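Dear colleague,

I am handing over the structure below, and I would be glad if you could read the notes that follow with it open beside you.

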Amino acid sequence: MPERDWMAAQFEEHRPRLRAVAHRMLGSLGEADDALQDAWLRIDRADTSGVENPGGWLTTVVARVCLNLLRAREARREEELAADRIPAASARAVDPEEEALLADSVGLALLIVLDTLAPAERLAFVLHDMFQVPFDEIAPMIDKTPATTRQLASRARRRVKGAPAPTGDASRRHRVVHAYLAATRGGDFDALLALLHPDVVLHADRAVVPTPEPVLVRGARPVAEGAMASLGRARSAALVLIDGEVGMAMLEEGRLRVLLRFTFDGDLIREIDVVAEPERLRKAQVAVAEG
């Protein structure tokens, strides 16, 4: 078999794993498929006569493409912060059902937390912890020593691991936020209303809608009605820890777009802070919420 045909066959054989690597690296199915296409163009032009482990070599090529995309994404974020711009959603065409199924198979909260990691941390964690790639193979991709690469993965692992299952008041708050998410996803207005303090206040920064000024909503019914209007976003939301406290985060095209912080009065939600401004998102410490 000609070398090019042999490598094409290897690429197709390993495509499910390569797509899984790209999806976990980028968080977006559309970008993962773009990364695979870019990787194949590079592979097709490369001299592969010396490749002895095609699966490992292909994983390395895809990982490098994803790392470049993550670094470009990071640079765009810095530009948006410097210009005080709100990132616009792209018109990338993806199958929402397939995207949701993939997110569920990985864990939506995990994808959200992965988006908060630096590119090198994300690469080290995804390749080592999720795909068992040795550190000495990962290190050259990020121009680090294996020991430093191990430290990067360990730092990422602490964020991903989150905290032990909550107890006491923290456990009650966890249950309330879980019920809030379930009611919002399910469109259960009465259940949502029962979780809100009658005088609940919702603050939303100017990037949420977006609007020229921050939004302030008072009262259980208006707040519940607003939550019902964001049903689509709730489907891409998950419970997370925000600076150590239980809250919610929403992912869009592989990127963390919105955080919800909650203040409680007993078992009722007294205040909701909706965060979407890039600078505020960047400063928040987000981790997976256990339990």
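Helix 1 and helix 2 cross in a right-handed manner, where right-handed means that the near helix is turned clockwise from the far one by less than a right angle, and left-handed that it is turned anticlockwise. The contact (heavy atoms within 4.5 Å) involves, among others, Met 7, Phe 11 and Leu 18 of helix 1 and Leu 36, Trp 40 and Ile 43 of helix 2. By class, this contact has 12 nonpolar, one polar and six charged residues, with Ala, Val, Leu, Ile, Met, Phe, Trp, Tyr, Cys and Pro counted as nonpolar, Asp, Glu, Lys and Arg as charged, and the others, Gly among them, as polar. The axes of helix 1 (residues 3-26) and helix 2 (residues 29-45) come within 9 Å and cross at roughly 145 degrees; axes are lines fitted to C-alpha atoms, for helices over the stretch in contact, and angles run from 0 to 180 degrees between N-to-C directions.

Please keep in mind that this is a predicted model, in which local features need pLDDT of at least 70 and side-chain atom pairs count only at pLDDT 80 or more, whereas totals for chains, interfaces and linings use all residues. Residues are numbered from 1 along each chain as its sequence is written, and side-chain values use heavy atoms, with hydrogens and water left out. Helices (H or I, at least four residues) and strands (E, at least two) are DSSP runs, numbered from the N terminus.

In the loop between helix 1 and helix 2 lies Ser 28, which counts as buried because its relative accessibility is 1% (buried means under 20% relative accessible area, exposed over 50%, partly exposed in between, with a 1.4 Å probe and protein chains only). Ser 28 is 224 residues from Glu 252 in sequence, yet their C-alpha atoms are 8.2 Å apart in space.

Helix 6 (residues 119-131) and helix 8 (residues 146-161) pack at about 85 degrees with their axes 8 Å apart, and are therefore roughly perpendicular (65 to 115 degrees; under 35 is roughly parallel, over 145 roughly antiparallel and the rest oblique).

The structure also holds three aromatic pairs, meaning rings of Phe, Tyr and Trp (its six-membered ring) with centres within 6.5 Å, stacked if the planes are under 30 degrees apart, edge-to-face if over 60 and tilted otherwise. One of them, Tyr 180 with Phe 262, is edge-to-face, at 5.2 Å centre to centre and 70 degrees between the planes. This pair joins helix 9 (residues 168-186) to strand 5 (residues 255-265), its members being 82 residues apart.
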